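Here is a brief report on pockets and the strands around them. Look over the sequence and the model first.

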Amino acid sequence: MNKMGFLRRLICLVILMFVHGGVNMETEGSHIVLQDLEALQPPFPNQTYRTSFHFQPPKNWMNDPNGPMVYKGVYHLFYQYNPKGADFGKISWGHSTSRDLVNWRAHIPAISPSQPADINGAWSGSATILPSGKPALLYTGHDSRHRQVQNMAVPKNASDPYLQEWVKSPRNPLIAPDEFNKINATSFRDPTTAWQGRDGRWRILIGSKVNRRGLAILYRSKDFVNWVQARHPFHSAEGTGMWECPDFYPVSTSPSGLDTSSLGSGIKHVMKVSLDDTKHEYYTVGTYDHARDKYIPDKGSVDSDVGGLRYDYGKFYASKTFYDSLKGRRILWGWINESLPSTEYVKQGWSGVQGFPRSVWLDKKGKQLVQWPVQEIEMMRSNRVEMHGTVLKKGSLVEVTGINAAQADVEATFKVRGLGKAERMEAGWSREPQVLCSQKGGTVRGGIGPFGLRVLGSKDGQEHTSVFFRVFRGNNNTHFVVLMCSDQTRSSLNEKTDKTSYGAFVDIDPVREEFSLRVLVDHSIVESYGGKGKACITSRVYPTKAIGDRAHLHAFNFGLQPLYLSKLTAWSIKNPTIN
Ligand code: DQQ
């Protein structure tokens, strides 16, 4: 609604209230007035950056995805939500459902602060489908004493596939920090989905810390109500600080996912934590020693966000997976926050988006995960355009036309013949991919690369976000290193936006493999998948010129070595119905 429309409705409302004044009308009138006032909320001053196929509530603040699950054929997504405004406040669990992970319908919040055990906020948690087939939600309550405690809620009516109403356990809190367990009451949160061991007991992890050591504390239960703390933490790592939103699940090299309680041969486990200090996540791949109830990362799997593996090397936090028993896959959700000062997003009337849901599985080398947008995205594709065998000489910038470049799915494969021009990794250069990307951005010419895609570009070239590869030769000349960057330095002429460049090293063998790059563009989101999903980078950008049909898409090569764009396929993405 524009400003005029809003004023017109406001005037009508005042007249209505005036005409219908009087005792009898007042009860009915006040009901109508309340509903109308809700509808009459002024339009958000800036809708430019709302996304089209990424999940968002209609307004207000959203952060972590909570309790994702599938129940009676319906996907559920809960999320940390402030019903009162666009900044973090007293948090509820917002709730939406979907039959296809693409179109979503909003429901009333599932959990709102009401008991002493959550009166200051219903914080993050997870869903578990119990053997009865019914779900239970475990979540952190910020209680009346400002402690973090663990609570449970169950559906009021389990025959409703939309599970619109939830009842809190009268036994809440089920788990609380006290003088005996020596748990820091302000660092004790975010219960995982429970898994059942061979002894039949349920297990959950809760994030915590002792000084700078991040911890995943293990609890066990026979009945899902009485939980007993294990003597030793399930896993911990020195120097990582508070572990938020731990996630622990089995994986195999098959894209088919596994139920959280699965054990057996050919199964590895993934442990992911979100670091409160750096707002980065990292994961390790390892072994679950169920006899000792301990997790042991594989040798070489680094237990840190520095040098370790991350789902996403850009904006992506407080993520959570669930097992989709409908389609036999594991799906990952993660929160993409704003890159604007809080005053800006409060003005905007909303804050926070969820990443497009991704399937996750173990790469065939067994050392890292592969992620890929769920296949349902294909339902929204239209206007397919294709390019084949295009030569990209040095300095090439080739426009891709025929699609909506502000709302697109682009898959490209680049082929490099001859690596002789690869730059040598110099001793003084940073080994940190993010730092390297900021030193060697999308306009800094190299030997092999930068080459890739320029998205959300303005006609005059002043604005664009470049997602690209660059190949380096290792010091001893025996190997090559592939860097993937998402360079936001020119993403917006608005000086207030954060323009950090993000980077990752990708496990691509440039001698034998082509370079695959997929980018989902959604107005203010650039979600990139390099090396067929081995490295992902999400950027949040706010173009001032490259908006809507004024956005352009290019393939480019600013390296000395010519190369081929062997194939590029791009689609516009149609608008799904979201909330
Ligand atoms: N967000 C929640 C916490 C969690 C944090 C509060 C992670 O439960 O630790 O909204 O973003």
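## Pockets and a hairpin

β1 (60-71), β5 (122-129), β10 (195-196) and β19 (317-324) each give at least two residues to the lining of the second largest pocket. Strands here are DSSP runs (E, at least two residues), as are helices (H or I, at least four), numbered from the N terminus. A pocket is an open set of points on a 1 Å grid over the protein atoms alone, where a 1.4 Å probe fits, with protein on both sides within 12 Å along at least five of seven lines; lining residues have an atom within 4 Å of a point.

This is a predicted model: local features need pLDDT of at least 70, side-chain atom pairs count only at pLDDT 80 or more, and totals for chains, interfaces and linings use all residues. Residues are numbered from 1 along each chain as its sequence is written, and side-chain values use heavy atoms, with hydrogens and water left out.

Volume is the space filled by probe spheres set on the points, with grid points joined across faces, edges and corners. Nonpolar means Ala, Val, Leu, Ile, Met, Phe, Trp, Tyr, Cys and Pro; charged means Asp, Glu, Lys and Arg; the others, Gly among them, are polar.

| Pocket | Volume | Lining by class |
|---|---|---|
| Largest pocket | about 660 Å³ | 9 nonpolar, 10 polar, 11 charged residues |
| Second largest pocket | about 330 Å³ | 11 nonpolar, 8 polar, 1 charged residues |

Take the largest pocket. It is lined by 30 residues, with G307, G308, L309, R310 and Y313 nearest its centre. β17 (280-289), α4 (433-439) and β32 (502-506) are the elements that give two or more residues to this lining. β32 gives the most, with 4 residues. Domain 1 (65-373) and domain 2 (381-573) each supply at least three lining residues; the bounds come from an automatic or database domain assignment.

The second largest pocket has 20 lining residues, and T128, I129, D259, T260 and Y323 are the closest to its centre. β1 gives the most to this lining, with 4 residues.

β5 pairs with β6 (135-142) in the antiparallel sense over 6 bridges; pairing requires at least two DSSP bridges. Y139 in β6 is the bridge partner of G125. The two strands form a hairpin with 5 residues between them, and G133 in the turn has a positive phi of about 90 degrees.
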